[in-house]
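Me: I'm new to this one. Can you walk me through it, piece by piece?

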Amino acid sequence: MNIDARGVVEKSLIDAGCATIAAPNDLRQAFVNLAQNMSTDAALVDTFHAFRTALQQTESLPKCPSLLSGLAVLSLFPEMEAIHAHSGVPKDITRATQADLLIWMEHEKKRTGQWGLKKVDWLRHHLVGRLYRIGRLQYMVQPWYHADVGNICRGDLVIDVHIPEDGKLDRDDVRSSFDQARVFYQNHFPELSCRAFVCESWLLDPLLQTILPETTNIVAFQKCWRLFPSEEDEEEANIRVFGMHPVDVDTAPQDSLLQRSILKSIRAGKPVRCGIGLISI
Ligand SMILES: CC(C)(COP(=O)(O)OP(=O)(O)OC[C@H]1O[C@@H](n2cnc3c(N)ncnc32)[C@H](O)[C@@H]1OP(=O)(O)O)[C@@H](O)C(=O)NCCC(=O)NCCS
């Protein structure tokens, strides 16, 4: 049993989930303390279960304190593992997919100083077996939701690619990830015939090729794709690069080459927005 008769998450479940995502000890301890609070606080148990149940369905999520949200996601790992096992997904891919929980909790810790999870809707894709991390990148099959690009029409099934915040974007890792993903979908989801990898991201605004050196990973990543314009504005780039939107050019950090290059471009009236990339399969 992973959840006891009172509805409290057992320590064994927390330990197993934390080992899977290689959680630092203070995060594991924060979850353990929270579970201990649950044992004397029936309202906390109710909030947890309402949220956990909603997470497994398509309904909108009720309010939940952000550390409790992280615990709810972690507590659903066994169910997620069963879903993956049913499709024959290798265990290392399941573990790598689960590790996104730590990436987003670290993101929140960096932002607020406290462990928590704000990006819960995103993690729902992982829990229901819609999104997989394969090597450096994440993949999710879905109908193309924009206007037609290249030979892809709105509604066609595509493999949407995402780039987790997890170290460098090494070009060999990227190539290897695409190769593994092709094999993965053929082996595990042959019924989903997708015609392309697609990606909409600030990393794919072609402007970056004009302000960054050829040798950077971002430019190398762009060169993997056939690029198309996106309607999205500069918010994603500003948040991902400066942690703020809009960017205050006088106070924004200037620690990296990218930050300095984008600030110069913003001052020249050309912020980095988004681009759409397509790779035919
Ligand atoms: C994608 C990512 C891994 C690329 O990083 P990378 O491999 O270091 O990329 P590059 O080699 O091209 O970086 C060139 C320069 O830009 C800097 N840089 C890259 N991404 C940066 C970012 N998000 N914020 C600030 N600086 C960044 C690098 O540190 C490097 O600067 P330096 O030479 O002064 O050290 C990184 O941007 C990242 O983690 N982004 C968050 C995830 C994300 O945005 N996903 C897409 C969601 S739509």
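This is a predicted model: local features need pLDDT of at least 70, side-chain atom pairs count only at pLDDT 80 or more; totals for chains, interfaces and linings use all residues.

Me: Where is Thr 215 found?
Reply: Thr 215 sits in the loop between α10 and α11. Those helices span 207-211 and 217-222.

Me: Is Thr 215 buried or exposed?
Reply: Thr 215 counts as exposed, because it has 7 C-beta neighbours inside 10 Å. The cut-off for exposed is 12 or fewer.

Me: What separates Thr 215 from Pro 62?
Reply: Their C-alpha atoms are 46 Å apart. Along the chain, the two residues are 153 residues apart.

Me: How far apart in space are Asp 248 and Leu 263?
Reply: They are 9.3 Å apart, C-alpha to C-alpha. In sequence, 15 residues separate them.

Me: Now the helices. At what angle do α1 and α2 cross?
Reply: They cross at roughly 160 degrees, and their axes come within 10 Å. Helix α1 is residues 11-20, and α2 is residues 25-38. So α1 and α2 are roughly antiparallel to each other.

Me: Left-handed or right-handed crossing for α1 and α2?
Reply: The crossing is right-handed.

Me: Which residues make the contact?
Reply: From α1, they are Lys 11, Ile 14 and Cys 18. From α2, they are Leu 27, Arg 28, Phe 31, Val 32 and Ala 35. The contact of α1 with α2 has 6 nonpolar residues, no polar ones and 2 charged ones.

Me: What lies in the loop between α1 and α2?
Reply: Ala 22 lies there. The phi of Ala 22 is near 55 degrees, a positive value in a residue other than glycine. Ala 22 counts as exposed, because it has 9 C-beta neighbours inside 10 Å.

Me: Back to α2. How does it cross α4?
Reply: The crossing of α2 and α4 is at roughly 95 degrees, with the axes coming within 10 Å. So the two helices are roughly perpendicular to each other.

Me: Which residues meet between α2 and α4?
Reply: Ala 30, Phe 31 and Leu 34 in α2 meet Leu 67, Leu 68, Leu 71 and Leu 74 in α4. By class, this contact is 7 nonpolar, no polar and no charged.

Me: At what angle do α4 and α7 pack?
Reply: The angle is about 175 degrees, and the axes are 11 Å apart. Therefore α4 and α7 are roughly antiparallel to each other. Helix α4 gives Ser 66, Gly 70, Val 73 and Leu 74 to the contact. Helix α7 gives Leu 101, Met 105 and Glu 108. The contact of α4 with α7 divides into 4 nonpolar, 2 polar and 1 charged.

Me: Where does Glu 106 lie?
Reply: Glu 106 lies in α7, which runs over residues 100-112. Glu 106 counts as partly exposed, because it has 16 C-beta neighbours inside 10 Å. The C-alpha atoms of Glu 106 and Phe 197 are separated by 28 Å.

Me: Last one. Pro 206: what is it in contact with, neighbours within four places aside?
Reply: Pro 206 is in contact with Gln 222, Leu 227 and Gly 275. Pro 206 is found in the loop between β4 and α10. Pro 206 counts as partly exposed, because it has 15 C-beta neighbours inside 10 Å.

Note on methods:
Residues are numbered from 1 along each chain as its sequence is written. Axes are lines fitted to C-alpha atoms, for helices over the stretch in contact, and angles run from 0 to 180 degrees between N-to-C directions. Helices (H or I, at least four residues) and strands (E, at least two) are DSSP runs, numbered from the N terminus. Angles under 35 degrees count as roughly parallel, over 145 as roughly antiparallel, 65 to 115 as roughly perpendicular and the rest as oblique. A crossing is left-handed if the near helix is turned anticlockwise from the far one by less than a right angle, and right-handed if clockwise. Two residues are in contact if their C-beta atoms, placed from the backbone, lie within 7 Å. Ala, Val, Leu, Ile, Met, Phe, Trp, Tyr, Cys and Pro count as nonpolar, Asp, Glu, Lys and Arg as charged, and the others, Gly among them, as polar. A residue is buried if 20 or more other C-beta atoms lie within 10 Å of its own, exposed if 12 or fewer, and partly exposed in between; C-beta atoms are placed from the backbone.
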